[in-house]
Amino acid sequence: MNETQAGVQNIVEVENLVKYFPVRAGLLQRVVNQVKAVDQVSFSVKKGETLGMVGESGCGKTTIGRSMLRLVEPTSGEIRYEGKNILQLKGRDLKEVRRHMQIIFQDPYASLDPRVPIGESVMEGLHIHNIGSRQERYDLMIDTLKKVGLESYHARRYPHEFSGGQRQRIGIARALALRPNFIICDEPVSALDVSIQSQVLNILKDLQAEFGLTYLFIAHNLSVVEHISDRVAVMYLGKMVELTDRTELFNNPLHPYTQALMSAIPSTNPKAKKQRTILKGDVPSPLNPPTGCRFHPRCPIAEEICSQQEPEFREHNPGHFVACWLVK
């Protein structure tokens with residue numbers, strides 16, 4: 001699938017990405033099954049945009065993000081950064097690409113060393129990539145902390161001395177210190193209070209405008225995704241079921257799963273009557289996903305073909321991709 005438009009360059013392209021986790025059992029720890037976390041997912045991220053990625057827990061969003069940075073090794077597929085297949089890179093070449101691709105983790109406290117002042121944590125990437133002198137690294141670290149709303153004296157403090165929102169700012173500063181082009185935001189505001197969420201989102205948008213950053217923004221909260229994203233991808237049980245721009249998705253969701261997600265968004269008008277789509281049953285296990293369309297056991301409009309054949313992820317309208325047999 002190629003979504004390149006005239007004058008718009010894809011900074012990252014993911015093609016047929018697969019990640020299976022082996023399940024081992026017995027005395028010899030033989031592989032007895034596979035957790036199909038991500039299964040044949042293809043998409044691209046355009047330079048300077050924010051691609052939101054939503055879906056239920058366990059649908060493969062975080063695995064996609066970590067696979068793109070090779071924090072987990074994909075089972076198969078291609079991941080191209082500015083035309084280079086990073087799955088074929090090793091050593092210095094891989095290190096150089098990683099300088100330009102960073103990640104903001106969901107839990108900032110777990111990603112920070114409690115024994116190290118946060119200034120040293122922010123400078124760690126600069127040390128690894130041997131950027132500048134020690135004084136230049138220090139100056140860059142201080143400048144980065146100020147850009148995320150912290151002060152220079154914070155550099156001497158330890159992670160336990162900060163609030164959750166401040167820790168997430170530190171996480172953003174760590175990702176920003178190397179001045180990357182592409183940042184994966186793995187649910188960066190899901191653990192924060194609503195008032196702090198808005199502050200962090202505004203910081204991300206300001207930094208994107210200042211440095212020309214490209215984001216893959218992974219989240220559960222559709223309101224957050226609507227606020228920050230240019231395009232939105234919807235995941236379900238390791239598959240991408242819909243992908244289009246933000247306005248089109250929220251005004252005209254095509255896939256039944258996307259429609260169910262949209263119906264769950266609370267209305268700001270207390271008098272408005274909203275038709276809720278209640279999904280029956282639980283999400284199937286990725287150990288043994290259903291045949292055909294993976295959503296068909298819970299789909300309110302499923303037909304016989306849905307359980308027999310897997311739908312193609314196709315372009316229904318210009319720029320609007322969907323995987324559903326019943327969308328004509």
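Strand β1 is joined to strand β4 (residues 76-81) by five bridges, and the two run antiparallel. Strands are DSSP runs of E with at least two residues, helices are runs of H or I with at least four residues, and both are numbered from the N terminus. Two strands pair if DSSP finds at least two bridges between them. The model is predicted: local features need pLDDT of at least 70, side-chain atom pairs count only at pLDDT 80 or more, and totals for chains, interfaces and linings use all residues. Residues are numbered from 1 along each chain as its sequence is written, and side-chain values use heavy atoms, with hydrogens and water left out.

Contact means heavy atoms within 4.5 Å. Axes are lines fitted to C-alpha atoms, for helices over the stretch in contact, and angles run from 0 to 180 degrees between N-to-C directions.

Strand β1 (residues 10-25) also meets strand β2 (residues 30-46), through 12 bridges and again antiparallel. Ala25 stands opposite Arg30 in β2. Four residues lie between the strands of this hairpin, where Gly26 takes a positive phi near 85 degrees. The open sheet has four strands in the order β2-β1-β4-β5, with antiparallel pairing. Strands β2 and β5 (84-85) stand at the edges with a single partner strand each, so one side of each has no neighbour in the sheet.

Two charges were located over rings. The criterion is NZ of Lys or CZ of Arg within 6 Å of the ring centre and within 35 degrees of the ring normal. The charged end of Lys19 sits over the ring of Phe21, at 4.9 Å from its centre. For Lys36 over the ring of Tyr20, the distance to the centre is 5.5 Å.

Another open sheet is formed by eight strands in the order β6-β7-β8-β3-β9-β10-β12-β11, with mixed pairing. Its edge strands, β6 (101-104) and β11 (314-317), pair on one side only. On average, neighbouring strands of this sheet are turned by 20 degrees against each other, direction ignored. Three bridges connect β11 to strand β12 (residues 320-322), and the two run antiparallel. Here Glu315 stands opposite Phe321 of β12.

Helix α6 lies across β3 (50-54), β6 and β8 (214-218), and runs at about 155 degrees to β8. Helix α9 (residues 256-263) lies across β9 (231-236) and β10 (239-245), at about 110 degrees to β9. Gln197 is found in α6 (residues 194-211). At 13% relative accessibility, Gln197 counts as buried. Buried means under 20% relative accessible area, exposed over 50%, and partly exposed in between (1.4 Å probe, protein chains only). Residues up to four places away in sequence aside, Gln197 touches Val189, Leu192, Asn221 and Val224.

Aromatic pairs were also counted. Rings of Phe, Tyr and Trp (its six-membered ring) pair if their centres lie within 6.5 Å; planes under 30 degrees apart count as stacked, over 60 as edge-to-face and the rest as tilted. The count comes to four aromatic pairs. Phe313 and Phe321 have ring centres 5.9 Å apart and planes at 20 degrees, so this pair is stacked. Phe313 is partly exposed at 22% relative accessibility, whereas Phe321 is buried at 6%. Tyr236, Tyr257 and Phe295 form one aromatic cluster.
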